[in-house]
Amino acid sequence: MAALDSTLDSIWLPYTQMANTPPPQMAVATQGVRISLADGRELIDGTSSWWTACHGYNHPHIREAVSHQLEVMPHVMFGGLVHEPALRLASRLAALLPGDLERVFFTDSGSVAVEVALKMARQYWINGGQPKRQRIIHFRHSYHGDTFATMAICDPEEGMHTRFADAMPKEIMAELPTTETSHAAFDQCLALHAHEVAAVIIEPLVQGAGGMKMHDAQTLTRVAASCARHNVLLIADEIMTGFGRTGRLFACEEAEITPDIICLSKALTGGTLALAATVARRHIFAAFLSDDPAAALMHGPTFMANPLACAAAHASLDLFTQEPRLAQVAAIELQLKDELAPCRQFTNVSDVRVKGAIGVVEMRGEINLTAYRTRFAELGVWVRPFGNVIYLMPPFIISQEDLRMLTNAVVRVVSEYAGDN
């Protein structure tokens with residue numbers, strides 16, 4: 001076992017076996033699409049810091065909004081008190097979301113937003129006199145978070161959470177209905193389990209940490225139609241896809257569906273501060289209105305609706321109207337399709353796929369993550385493959401030249417490891 005780096009004596013890193021992994025890079029500043037390191041290098045960010053920094057780093061409009069809010073009220077509890085930034089943000093989100101998704105419950109992380117959605121769905125049926133409807137249907141390759149309830153609705157074969165299999169409730173995993181045949185099987189699954197199922201949860205159009213798997217709008221339409229047919233709630237996890245990443249402001253828009261509950265986070269504040277939201281339709285909220293105190297939703301994160309985070313979210317939403325974000329995503333999509341296409345020729349590549357500002361090169365089998373990540377940094381880019389997937393999810397403001405640096409690096413590294421140079 002290698003000795004631990006002395007600079008990390010007090011830190012526990014995420015998703016890292018610290019006994020044998022090289023120490024991480026030291027970031028000292030960010031600006032635009034670049035991360036500055038302590039050793040003087042600058043890296044072009046191809047991941048938007050875990051898919052959050054859609055406007056790039058240090059955008060002056062967001063910085064000014066947060067600075068102003070810091071002077072007025074950085075935080076106040078949201079129990080027994082409310083404040084204008086949260087009330088106005090809830091109204092703005094409700095106006096942007098499809099249909100009657102209009103009741104916003106704020107949290108501070110994506111995993112917790114999903115936890116709240118699961119609690120809402122289950123209590124919806126409890127309040128309605130059907131307490132046995134508690135199970136959740138999710139899909140192969142799904143990922144919804146790292147807390148215990150969310151781990152239970154991740155693909156158990158994905159690997160990250162397998163050690164906790166005996167500690168988690170047994171939910172129902174289905175195949176995505178990407179064909180008429182698989183749709184019939186999914187519909188049959190719902191018919192069989194509807195009496196015990198509270199909701200189906202799906203990552204619309206793109207399944208993120210489960211392998212960057214993509215499906216079309218028709219698949220999403222099939223899922224929504226089956227849920228409606230069998231009176232099962234539909235939860236859309238748009239934590240990764242929301243706020244323009246797939247080409248629409250919300251991925252659900254492409255299929256013209258309105259889920260019963262939607263989960264938002266990541267790019268909600270433009271990658272500035274932690275904030276998440278679980279938004280429910282009118283009939284979901286109505287099921288919690290009662291003279292019975294036990295019918296209320298008993299959940300309340302300490303930092304929910306943090307005013308600083310709400311101010312950042314307002315500024316981020318402003319930028320979607322003040323600057324051409326969706327047009328930028330469309331341009332990124334075209335460039336990714338063109339410049340990642342050469343990867344198809346390499347024998348170590350099984351697939352190349354693009355959706356909006358997401359470009360994916362799927363390799364054949366597992367790859368040496370440490371070696372790949374080190375090589376990307378040597379080429380001046382911040383690209384973080386996982387599993388057998390190399391992906392790009394750059395900030396929407398990236399220039400053609402900087403995006404070409406990212407795509408060229410991907411093609412070069414894939415080529416080097418294919419032995420084709």
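Lys and Arg count as positive here, Asp and Glu as negative, while His and the chain ends are left out. The model is predicted.

**Exercise 1. How far apart are the mean positions of the positive and negative charges of the protein chain?**

Solution. 
- Take the positive charges: there are 33.
- Take the negative charges: there are 45.

**Exercise 2. What radius of gyration would a compact globule of 421 residues have, and what does the protein chain have?**

Solution. 
- The globule rule is 2.2 Å times the number of residues to the power 0.38.
- For 421 residues, a compact globule would come out near 22 Å.
- The protein chain has 22 Å, which agrees.
- The C-alpha atoms fill a box of roughly 70 × 55 × 45 Å along the principal axes.
- As for burial, 54% of the 421 residues count as buried.
- Among contacts with a separation of 6 or more, 70% join residues 24 or more positions apart.
- The chain holds 13 helices and 16 strands.

**Exercise 3. What span should helix H4 have at 1.5 Å a residue, and how many of its residues are buried?**

Solution. 
- H4 covers residues 110–127, which makes 18 residues.
- The expected span is 1.5 Å times one less than the number of residues.
- Buried means under 20% relative accessible area.
- In H4, 13 of the 18 residues are buried, so the helix is largely enclosed by the rest of the structure.
- After H4 comes Gly129, with a positive phi near 85°.

**Exercise 4. Which residues of H11 are buried, and what do they pack against?**

Solution. 
- Check the helix: H11 (residues 325–340) should span 22 Å, and its end C-alpha atoms are 22 Å apart, which agrees.
- Its buried residues are Arg325, Val329, Ile332, Glu333, Gln335, Leu336, Glu339 and Leu340.
- Their helix partners are H10 (307–322) and H13 (400–418).
- Their strand partners are E13 (349–355), E14 (358–363) and E16 (389–392).

**Exercise 5. Which residues of H12 are buried, and what do they pack against?**

Solution. 
- H12 runs over residues 369–378; Tyr372, Arg375, Phe376 and Ala377 are buried.
- These buried residues pack against strands E3 (42–45), E14, E15 (381–382) and E16, and against H13.
- Gly380 follows H12, and its phi is positive, near 85°.

**Exercise 6. Is Ala274 buried or exposed, and which residues beyond its sequence neighbours does it contact?**

Solution. 
- Ala274 lies in the loop between strands E11 (261–264) and E12 (276–281).
- Exposed means over 50% relative accessible area.
- Ala274 has 52%, so it is exposed.
- Leaving aside neighbours within four places in sequence, Ala274 is in contact with Asp108 and Ala309.
- Leu308 is 34 residues from Ala274 along the chain; their C-alpha atoms are separated by 9.4 Å.

Technical notes:
Residues are numbered from 1 along each chain as its sequence is written. This is a predicted model: local features need pLDDT of at least 70, side-chain atom pairs count only at pLDDT 80 or more; totals for chains, interfaces and linings use all residues. Side-chain values use heavy atoms; hydrogens and water are left out. Helices (H or I, at least four residues) and strands (E, at least two) are DSSP runs, numbered from the N terminus. Buried means under 20% relative accessible area, exposed over 50%, partly exposed in between (1.4 Å probe, protein chains only). Contact means heavy atoms within 4.5 Å. The place of a charge is taken as NZ of Lys, CZ of Arg, CG of Asp or CD of Glu.
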